[in-house]
Amino acid sequence: MPSRSVVISAVTAVLALAVAPAADAQTRASGLIAGHLSAADGEPTLTTGVDHATLPTGATLTVTAAPADLSSKTVVSYRFDFGDGSGTTVSDPSTQHVYDTTSSNGLNGQFAVQVTATLSDGTTLPGSVVEVRVTAPGAFTAPIFAYGGNPTHPLTVQGSVFPFSPWGIVAETLDFGDGSPAVDTTAEPDAEHPHTFPAAGLYTLTAKTTDGSGEQLVTTAQMRVGSSFVPLGPVRILDTRSGIGAPRAKVAANGTVRLKVAGVGGVPTSGVTAVEMNLTVTNPSTVGFVTAFPSKSALPTASNLNFVAGETVSNAVTVPVGADGYVNLANHAGRDDLIADVQGYRSDATTLPGGLGLASGLALPQRLLDTRSGLGTPKHKLAAGGSVSLQLPAGAHAAVLNVTVVDATANGFVTAYPSGARRPDASTVNYMAGTTVANQVTVPAGPDGKVVLYNSATSVDLVVDVQGYYGTPTGSPSALIFTPTAPTRLLDTRVGVGAPVAKLGPGGSIALHVGRATEPAPIRYVLVNLTGVDATARGAFLTAYADGSARPASSALNLIVGRPVPNLVLVPVGADGSVRISNSSGTTDVIADLEGYFTEAGV
């Protein structure tokens, strides 16, 4: 069987029906398959016919002789030769034969079946030769195979069926489950058949296969097609301080900013399923949080950005885009300014220029840079106005990075952008004096495969942990597809959601199940907004990683004593469908809100 990059899960339904065998090019009205023997017009002919071209050992084959144009002659007897060294001579024009495992030509061989008639004048008339294939007995199966996930054509897949029946296959169709006509695959049952779905979603493929015995088998399998990621900028699309994207005014308590994203900042006007932004709040008047969610949908019980009075803080957010091309940003308390820098979008357009599939298979997360120890760069603090370059692996077109600023002595920001590009008017991590703060960023690689991290003010240490790559870096040839979700709370240790009501203690961990029963393939990564609340230890941090794997030497969220701190993290999922969240020291409450997940392409 040809190899496939993705194999759809086992047949989910099998239905056997008694139906008449489908006709093929060699089937006569009598239902017999006949050989062909050329003869001049008017001369006697003898046609050999069989009722099955393929059959298993132990099954009965019926062979029939059909003489024609004998004139005044008659047939005295028929000699049937079954091609396995056996034969019989009878007066009847039809006989039966059973092939067994000791046939001289062996199993799964072709047997030449022929009838010879002895005529009344003593002459013999050879009949046509029919090839019969004899197979080993076995179950009738028709598994569906499919693969897809081409980042530039996210809705296009290759589907095929690999049927087997000891009686042979006479008819087959493949229905992709999106309302389009079923494809007749009888002539090429093992071939790949390209198909483009109308939109991202979960589809049920159905194969209907009929074998030579007349039995019909119906098999189904589910597959998901999803969106691909296209990186941008970053590009500023909202700043309530200056009137970009919204009126120039602070956002009031319980106020909502309707932010247009379709057609703005390089985002297309259609086909966008989700947008990825860096969301910043500045000069808030009190403690509060902001929730990002699709327009024209209910406000979810989730948070994306938590803040306290007077600070400037940012967090990455991935949010589905409403049908009108807008997302909502709800402010829950106080008055503050909001800033949004778009980093990219996810689209299910039929064709995408430069769409990227998230690579899987590498041991992630992984620390790439630490200026404190000299990892990835000489040991040094990054000066105000300074920058450092980070080399991505060959084949990686973009990276999902967790960027941490350590022990800042003044307020400032860090911006991540592709090398060779003009530094954008946007921020990745906003820091304040005396804090250690992290933020996730998705940044494209420059022509030399590098990204640049620029520091705006004061000397700081930088720590960078890679959470995932887009493209095909060495050791990770497969692509994943993304399904965005409205923010969904999976964990809140304050109220017992996803775990018992209890703070996470020093060295403690929580296994959080994130697998979804509705998915036909395992979830490989989840995009989770992780929030630590009321931490008690200075310098404490949370680490998120695949359950069942070793805890990595990286941080997902740096905690601040007595304050809520959020960070969006991309986390690989363990074989049990869970991620593990561990605490380094002290105690803290932990909140996790799901923003989307990645599954294998085509499943």
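Q: What is the bridge partner of Ala511 in S41?
A: In S41, Ala511 has Arg580 as its bridge partner. S36 and strand S41 (residues 578-583) run antiparallel here, with five bridges between them. The model is a predicted one, where local features need pLDDT of at least 70, side-chain atom pairs count only at pLDDT 80 or more, and totals for chains, interfaces and linings use all residues. Residues are numbered from 1 along each chain as its sequence is written, and side-chain values use heavy atoms, leaving out hydrogens and water.

Q: What makes S36 and strand S41 a pair?
A: They share five bridges, and two strands pair if DSSP finds at least two between them, so these qualify. The strands themselves are DSSP runs (E, at least two residues; helices are H or I, at least four), numbered from the N terminus.

Q: Why is S36 called an edge strand?
A: Start with the sheet: it's open and antiparallel, with four strands in the order S36-S41-S38-S39. S36 and strand S39 (557-558) each pair on one side only, and that puts them at the edges.

Q: Why do strand S19 and strand S22 count as edges?
A: Another open, antiparallel sheet of four strands has the order S19-S24-S21-S22. Strand S19 (256-260) and strand S22 (305-307) each have a single partner strand, so one side of each has no neighbour in the sheet. Further in, strand S21 (residues 288-294) and strand S24 (residues 326-331) are antiparallel and joined by five bridges. Val290 has its bridge partner in S24, namely Asn331.

Q: How do you know that S37 is mostly covered?
A: Ten of the eleven residues in S37 are buried.

Q: Which strand pairs with S37 over ten bridges?
A: Strand S42 (residues 589-600), in the antiparallel sense; there, Gly532 has Val590 as its bridge partner. S37 is also joined to strand S40 (residues 565-572), again antiparallel, by eight bridges. In that pairing, Tyr525 sits opposite Pro572 in S40.

Q: Why is the contact between Arg224 and Glu519 called a salt bridge?
A: Their closest N and O atoms are 2.7 Å apart. The rule asks for a side-chain nitrogen of Lys or Arg within 4 Å of a carboxyl oxygen of Asp or Glu, so the contact passes. Arg224 is in strand S17 (residues 215-225) and Glu519 in the loop between strand S36 (509-513) and strand S37 (523-533), 295 residues apart. Arg224 is buried at 10% relative accessible area, and Glu519 is buried at 8%.

Q: What makes the Asp341 and Arg236 pair a link across the sequence?
A: The two side chains form a salt bridge with an N to O distance of 2.7 Å. Asp341 belongs to strand S25 (residues 337-347) and Arg236 to strand S18 (residues 228-239), so parts 105 residues apart get tied together. Both Asp341 and Arg236 are buried.

Q: How do you know that Glu276 and Arg346 form a salt bridge?
A: The closest N and O atoms lie 3.6 Å apart. Glu276 is in strand S20 (residues 272-282) and Arg346 in strand S25, a separation of 70 residues. As for burial, Glu276 has a relative accessible area of 3% and Arg346 comes in at 4%, which counts as buried.

Q: What makes Arg236, Asp239, Arg241 and Asp341 one network?
A: Salt bridges that share partners join these four residues. Across the model, the count is 18 salt bridges.

Key:
Buried < 20%, exposed > 50% of the residue type's maximum accessible area, 1.4 Å probe, protein only.
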